[in-house]
Amino acid sequence: MKDTLNIVSLFFAEAKAHPDRLAIADVRETITYHELASRIRARAAQFKAKGIQSGDRVLVFVPMSIGLYIDSLAIFTMGATAVFLDEWVNLKRLDLCCRIAQCRAFIAPTKFRLPGIILSSTIRQIPIKMGTRRATESNTTLEPVSIDETNETALITFTTGSTGTPKAAKRTHAFLHEQFKALLEKIDPQDDEIDMPALPIVLMINLACGIPSIIPDWKPSKPTKMDPSRIWDQIERFQVNRLTSSPYFLERLSAHILEEKRDTSNFRKLFTGGAPVFPTQASLFNAAFPKAAVNIIFGSTEAEPISAINAKELITHSTTKEGLNVGLPHRTTQVRIIQWRDETISAESEADLDRLTLPPGEVGEITVAGDHILREYYNNQEALLRNKIFIANQCWHRTGDGGYIAPDGTLRLMGRCSQFINTPEGTIYPFLIEHELSNLNGVVIGTLLEINHQLTFAIEATPEADQQSIRESLQSMVANAKVIFTTIPRDKRHHSKIDYGRLKQARALDS
């Protein structure tokens, strides 16, 4: 197995087996598996000529495109570490992530590279800076990662960091293999499938199992400017029959399909994740893709998959009282519900962890373990202590999500633990209220917060909404709560979750 532990070897095996198959299509070009393999080797040779070596960390600030995967797989090929940053990142975050990752090389298109070099002192200190110009043909051999060096890092990605300093998730080659196997069980790829992945990591999985990927024509950094008609043109052109995206992307596309009466009978599977999916959204997805199996994956940067549920099954369960059903845990995922504490939790033994574990039916923090659960952050001991519990060689990851295990064994989500509101009458779970709010006429999105000891509804309404009618409905939910109409900030990665930190800091709520 020594010559196959490097994760890129999975891709090269597919390129050898299916050289003429379409690998990736973006808005500019298409490329076969053989062509992609050749360009990866050429790019790896170019990197080596520039001085990048095995073990170096290389910051890749390239939009989702064929070029992104050429650069990333070339970095894997030579045994270096690719450091991914989201396209939406601003200069301040770029500078912070650079300091955390301590990269030796920086790759970006000219329009991104030059401003970064000029404005960021941290980027100026990176020794090797490269553009995205196509490399000449070459033939670089695969740099194997020894099976005895399972901590050899392949990829570093950053959490959104909406609640503090972004955490650098350290993904080793061994970890990526385990995550690949776990996700592969859920995806169950078939030889004639053509996927449209809007999530960058999923395209990596497609390359490892020979599935063509069509990169959607949209800017993840500007999700609200998505034009569903352009996405549909790509779907028809490449005969896409599988879709993997965030709930927001799928919601916008589904609305377009229903409005324009598009035929989706060729679609077999849809996968969505990165944010909770309520039954109303699941009903929309099923209506737009009536013949497809719509699968909702529950997980996070550090733990994916945790569990999964089919949209049809989700629709049959209410979220207003019982919590959001996110399905049965994956067979390789161990789940414990522990007492939540807003602090580091230490446990020296399995018995210590047992004492922290709550019985089935009680709400606490969802904590998970398994070979596909991230064990380490790069250069962030504080985050490691705060989010991980180590018992011998086993790592338990604290997700920060609250929930419980139902009698049928499914996991029920109650929202972020940090957002729970304790009152003399009991605990309020704003996450469940958010579902009720989404069903009110005129409400786009909303939540309930506690600000300066005052329960406060934050509501984003449509321009034509009857605000007085909304206020009356809210009073029937929570009496004497303050109501503020405002714009609700969303997470920048998927535009699907409320950014509670930014919302609390908004001037509209400080007044």
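In what order do the six strands of the open sheet lie? The legends below take up this point, then move to helices and a single residue. The model is predicted.

**View 1. The open sheet has six strands and mixed pairing.** The strand order is β6-β5-β3-β4-β7-β8. The edges are β6 (128–130) and β8 (168–172), and each of these pairs on one side only.

**View 2. Strands β3 and β4 run parallel.** β3 covers residues 57–60, and β4 covers residues 81–84. Four bridges join the pair. Among the residues involved is Leu59, whose bridge partner in β4 is Val83. Strands of a sheet pair through backbone hydrogen bonds, either parallel or antiparallel.

**View 3. Helix α4 lies across β3, β4, β7 and β8.** The helix spans residues 91–101. Its direction is at about 145° to β7 (153–158).

**View 4. Helix α7 packs on the sheet.** Residues 173–187 make up α7. This helix touches β7 and β8. The directions of α7 and β8 make an angle of about 85°.

**View 5. Thr244 sits in strand β11.** The strand runs over residues 242–245. Is Thr244 buried or exposed? Thr244 counts as buried, because its relative accessibility is 6%, and buried means under 20%. The Thr244 side chain makes a polar contact of 3.2 Å with the side chain of Asp195. Leaving aside neighbours within four places in sequence, the contacts of Thr244 are Asp195, Met196, Pro197, Ala198, Leu199, Val202 and Phe271.

Terms used
Residues are numbered from 1 along each chain as its sequence is written. This is a predicted model: local features need pLDDT of at least 70, side-chain atom pairs count only at pLDDT 80 or more; totals for chains, interfaces and linings use all residues. Side-chain values use heavy atoms; hydrogens and water are left out. Helices (H or I, at least four residues) and strands (E, at least two) are DSSP runs, numbered from the N terminus. Buried means under 20% relative accessible area, exposed over 50%, partly exposed in between (1.4 Å probe, protein chains only). A polar contact is a pair of N or O atoms within 3.5 Å; within protein, one must be able to donate a hydrogen and the other to accept it, and residues adjacent in sequence count only if both atoms are side-chain atoms. Contact means heavy atoms within 4.5 Å. Two strands pair if DSSP finds at least two bridges between them. Axes are lines fitted to C-alpha atoms, for helices over the stretch in contact, and angles run from 0 to 180 degrees between N-to-C directions.
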